[in-house]
Amino acid sequence: MKISDTHGWTPDILGDNYEHITVHQPDDYDGNVVTTVVRLPSRHPAPTTAILYVHGFNDYFFQKEMGERFVREKYGFYAVDLRRYGRSILPGLEKFKVKDLTEYFPDLRSAINIMTEDGLKDVVILAHSTGGLITSLFMEQDPPGEVKALMLNSPFLAWNLPPLVRRIGIPAVKLLSRVFPRLRVSPGGTPKYSAAISSRLDGEWDYSAEWKPDRMPKVATEWIRAIDEAQREVERGTVKVPVLLMHSDRSAYPSDPSELFHRADGVLNVDNIAAAGRRLGPDVTEVTIHGGLHDLLLSSPKVRDKAYRVIFDWMHEHGL
């Protein structure tokens with residue numbers, strides 16, 4: 001990897017001591033790609049354990065509160081904006097494009113290398129939604145010794161589709177992708193979830209609508225193939241590190257009232273998350289967060305306090 005020409009960390013858009021660094025990755029099929037690593041320096045004596053946060057699809061790291069909570073608990077905190085996401089979007093490149101989820105492995109390795117260069121011994125990955133699928137695949141196929149545990153926040157381990165569509169529709173789209181890989185299809189969903197989180201609408205959180213659009217963008221058939229193949233791969237259940245699997249107690253659907261999207265998963269099916277997550281490996285702890293949103297750490301203050309307490313208690317129980 002090649003670090004940004006600044007040869008150092010620069011102040012981040014989040015302010016309040018957050019800083020970031022750019023990693024230039026080898027060119028891929030569309031040319032230049034970069035990874036951005038964000039960190040919040042510790043206010044305590046140098047920690048030996050740190051969190052690496054990995055965002056989901058149509059997303060990037062913007063949750064200032066998250067880093068502050070971990071630093072307050074005396075952990076190091078880092079986050080990564082994967083290639084073609086958020087801070088890592090380059091002019092002329094299509095946002096979120098991917099053909100195989102292993103393309104993100106160098107981004108994760110770069111972040112972990114930076115963390116170890118900073119003196120961290122133990123890394124705990126915290127990943128949301130598609131980030132949870134990517135990191136589960138990573139920990140199955142190419143697990144670094146530094147990563148001691150995997151914490152999953154509503155991971156995208158299974159499609160939120162009727163059984164017949166999963167059995168027939170997804171294979172049909174995958175077959176189509178071999179001939180028309182860039183054909184665009186709607187991923188479904190509803191802007192009601194964005195309305196429940198965005199401060200510009202009916203939520204609490206400030207973020208860039210350019211980097212995290214309110215309406216889910218259409219995806220290419222090759223993206224669907226990449227997701228499905230990764231989901232099938234992690235069904236092998238060979239993640240060896242301890243896994244914390246967290247999800248809401250219920251899902252919300254487009255026909256449901258907007259109010260429900262403030263206390264339910266408005267993106268994925270929580271039963272499917274649970275069923276797939278339990279099979280990830282031999283040591284999975286499943287916790288249901290009642291009233292949680294799809295991103296549990298964007299839920300109402302009392303609910304996300306509960307989620308953070310689950311995280312910290314679980315880490316302490318595992319000697320982290």
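User: OK, so at what angle do H4 and H6 pack?
Analyst: Keep in mind that this is a predicted model. H4 covers residues 163-179 and H6 covers residues 221-234. Their axes sit 8 Å apart, and the angle is about 125°.

User: Are they parallel, antiparallel, perpendicular or oblique to each other?
Analyst: Roughly perpendicular stops at 115 degrees and roughly antiparallel needs over 145. With an angle of about 125°, H4 and H6 are therefore oblique.

User: Is that crossing left-handed or right-handed, and what classes of residue make the contact?
Analyst: The crossing of H4 and H6 is left-handed. On the H4 side the contact includes Ile170, Val173 and Lys174, and on the H6 side Arg225, Asp228 and Glu229 are among the residues. By class, the contact has four nonpolar, two polar and seven charged residues.

User: Now for Asn153: is this residue buried or exposed?
Analyst: Asn153 is found in strand E8, residues 147-153. Its relative accessible area is 0%, and the cut-off for buried is under 20%, so Asn153 counts as buried.

User: Which side chain makes a polar contact with the side chain of Asn153?
Analyst: Setting aside residues up to four places away in sequence, Asn153 touches several residues, including His128, Met246, Asp295 and Leu296. Its side chain reaches the backbone nitrogen of Leu296 at 3.1 Å. The side-chain partner, at 2.8 Å, is Asp295.

Methods: Residues are numbered from 1 along each chain as its sequence is written. This is a predicted model: local features need pLDDT of at least 70, side-chain atom pairs count only at pLDDT 80 or more; totals for chains, interfaces and linings use all residues. Side-chain values use heavy atoms; hydrogens and water are left out. Axes are lines fitted to C-alpha atoms, for helices over the stretch in contact, and angles run from 0 to 180 degrees between N-to-C directions. Helices (H or I, at least four residues) and strands (E, at least two) are DSSP runs, numbered from the N terminus. Angles under 35 degrees count as roughly parallel, over 145 as roughly antiparallel, 65 to 115 as roughly perpendicular and the rest as oblique. A crossing is left-handed if the near helix is turned anticlockwise from the far one by less than a right angle, and right-handed if clockwise. Contact means heavy atoms within 4.5 Å. Ala, Val, Leu, Ile, Met, Phe, Trp, Tyr, Cys and Pro count as nonpolar, Asp, Glu, Lys and Arg as charged, and the others, Gly among them, as polar. Buried means under 20% relative accessible area, exposed over 50%, partly exposed in between (1.4 Å probe, protein chains only). A polar contact is a pair of N or O atoms within 3.5 Å; within protein, one must be able to donate a hydrogen and the other to accept it, and residues adjacent in sequence count only if both atoms are side-chain atoms.
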